[in-house]
Amino acid sequence: EDVLVIGIGLFLLFTVITLCALILLGRRRLAVEIREIVIALEEMRSGRLRSRPEIGRRSAMAMVADSVQRLGQDMNVHAGELERSRERITVLEQAVPDTAIITTDHDGNIRTVNGNACDLFGWRPGDVLAQPASVLFEEEFWKELLPKLARKSLRESGIRIQGAMVRSDGSPFHADLTVRLLRKAETGGTPATGFVLVIRDEAELDKLANLLAAAEEQQDLLLEGIADGVALLCEGEVVRANSSLANMLGMETEKLEGSRFQSLVGTADLLQVRERLLDLATGGPAPEPFRLTLRRGDEEGDPRVLMKASPVRHQGRPAVLAIFRDVTGQARFEVELRRNEARLDAVLEAAPEGILVLVETGEGPMVHLTNQAFLDLFGLEAAGVLGLPEGEILRLLRHRGEEGADVAAFLAAANRDPLKERLPGRPGGRSRALSVTPLLDAHGRYLGRMLSCDDRTAQAAGEADREDKAQELQATIDALMESSRELDRTNAD
């Protein structure tokens with residue numbers, strides 16, 4: 001019995017010792033597992049995370065390890081999304097370097113500001129966090145904005161307004177402000193968490209607007225100061241025109257602008273205008289100035305104009321800048337000039353003497369005009385004579401025999417002085433009367449000279465015959481006088 005009691009006691013003692021050992025071992029293992037979980041959490045906090053804490057699947061802490069692993073994975077996903085969001089914000093800030101972005105909570109307290117906002121308002125990072133957004137505004141601008149924020153429709157669609165805002169030193173500046181609701185997600189059902197304010201300093205834009213207005217005013221003054229008509233054509237429509245063009249067409253400038261250009265062109269010139277403008281619009285070279293007739297809006301005659309077109313751009317679209325010079329009087333003068341030239345040609349062709357006109361140019365005297373009588377005298381062709389320099393026409397005349405050489409020598413000797421000479425003619429040749437007359441304008445300026453070559457062969461032959469007959473008559477008269485004197489002496493005896 002004593003042995004049994006001792007055995008039971010030893011068994012109980014062994015059991016207690018074993019349990020104590022197991023408890024100690026369990027606590028030590030639990031401490032190691034807890035330490036692994038703490039290390040994993042610390043690594044997670046620092047941004048580093050292993051695949052899973054080293055805890056056995058049968059351990060009581062296995063579920064905790066699995067939760068820590070899933071938490072780490074979720075944090076990695078959110079960290080990646082956050083990094084991508086930061087990258088998008090950075091790209092956005094770089095794309096709009098002059099734009100300040102500020103977010104507030106529902107109560108209007110400032111939560112975040114970007115670097116552009118600090119630069120624009122003159123803050124240091126953290127100076128205005130948790131302050132009310134009213135510190136950004138002039139009082140009048142803030143009072144104007146508040147009623148708009150109170151309207152739900154405006155909050156949902158966004159508010160854009162311009163007004164005066166205040167920098168950290170108290171100086172105001174003109175700003176363009178856009179206010180939108182800030183939501184956590186893109187879905188419309190997500191409740192708003194605050195507002196996002198997008199602010200642009202309009203000072204530079206105001207300067208540019210003033211410069212643009214001044215440039216437009218100067219352009220208007222320049223257009224109105226041009227005597228020629230000027231129009232800006234875009235897609236076949238007159239978008240700008242000056243008063244000179246309006247006066248040409250007998251219309252008001254306001255009515256002219258906005259009209260179709262083809263409706264202002266005469267029917268006979270419509271096709272060529274359309275083709276030239278189409279070539280210009282498709283990237284072709286600027287055409288040479290050309291003439292066309294414009295249609296007036298009143299009873300006066302349609303003007304004849306010289307149009308010069310150049311490619312330009314208007315509001316980002318291809319356009320044509322057209323300049324119109326009124327040549328109606330010039331066209332009439334040219335018509336009359338052509339009539340006078342025709343009359344002069346008729347007079348020259350009707351003249352019996354040969355005529356050659358040399359006109360002074362920058363390259364020296366050149367043949368400007370001749371008639372058929374001169375060409376026939378020396379066997380020349382008009383196409384081979386007109387436009388020749390003086391040296392060339394002299395060379396041609398020298399190759400037309402001795403008579404041509406005599407005329408060439410006479411023309412070369414005359415130079416700019418008037419000269420007349422009669423060539424008696426060589427044996428078997430013809431007698432000619434030559435003259436060179438200088439051509440002067442109304443102010444006495446030298447323009448050129450005219451050679452006249454008259455064939456006097458028949459006239460010279462008639463004069464010789466008349467001289468012979470006169471000599472015979474004079475001899476007869478002398479004989480009669482001698483006979484009369486002899487008769488008088490006989491009668492006296």
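Which residue of E10 stands opposite Leu 306? The legends below cover this and other views of a predicted model, in which local features need pLDDT of at least 70, side-chain atom pairs count only at pLDDT 80 or more, and totals for chains, interfaces and linings use all residues. Residues are numbered from 1 along each chain as its sequence is written, and side-chain values use heavy atoms, with hydrogens and water left out.

**View 1. Pairing of strands E9 and E10.** Strand E9 (residues 304–314) and strand E10 (residues 317–326) are antiparallel and share 10 bridges. Leu 306 has Arg 325 in E10 opposite. Strands (E, at least two residues) and helices (H or I, at least four) are DSSP runs numbered from the N terminus; two strands pair if DSSP finds at least two bridges between them.

**View 2. The open sheet E7-E6-E10-E9-E8.** Its five strands pair in the antiparallel sense. Strand E7 (237–241) and strand E8 (290–293) are at the edges with a single partner strand each, so one side of each has no neighbour in the sheet. On average, neighbouring strands are turned by 40 degrees against each other, direction ignored. Axes are lines fitted to C-alpha atoms, for helices over the stretch in contact, and angles run from 0 to 180 degrees between N-to-C directions.

**View 3. Helix H9 on this sheet.** Helix H9 (residues 270–281) touches strand E6 (229–234), E8, E9 and E10, where contact means heavy atoms within 4.5 Å. The direction of H9 makes about 130 degrees with that of E8.

**View 4. The open sheet E2-E1-E5-E4-E3.** This sheet has five strands with antiparallel pairing. Strand E2 (110–113) and strand E3 (159–166) are the edge strands, each pairing on one side only.
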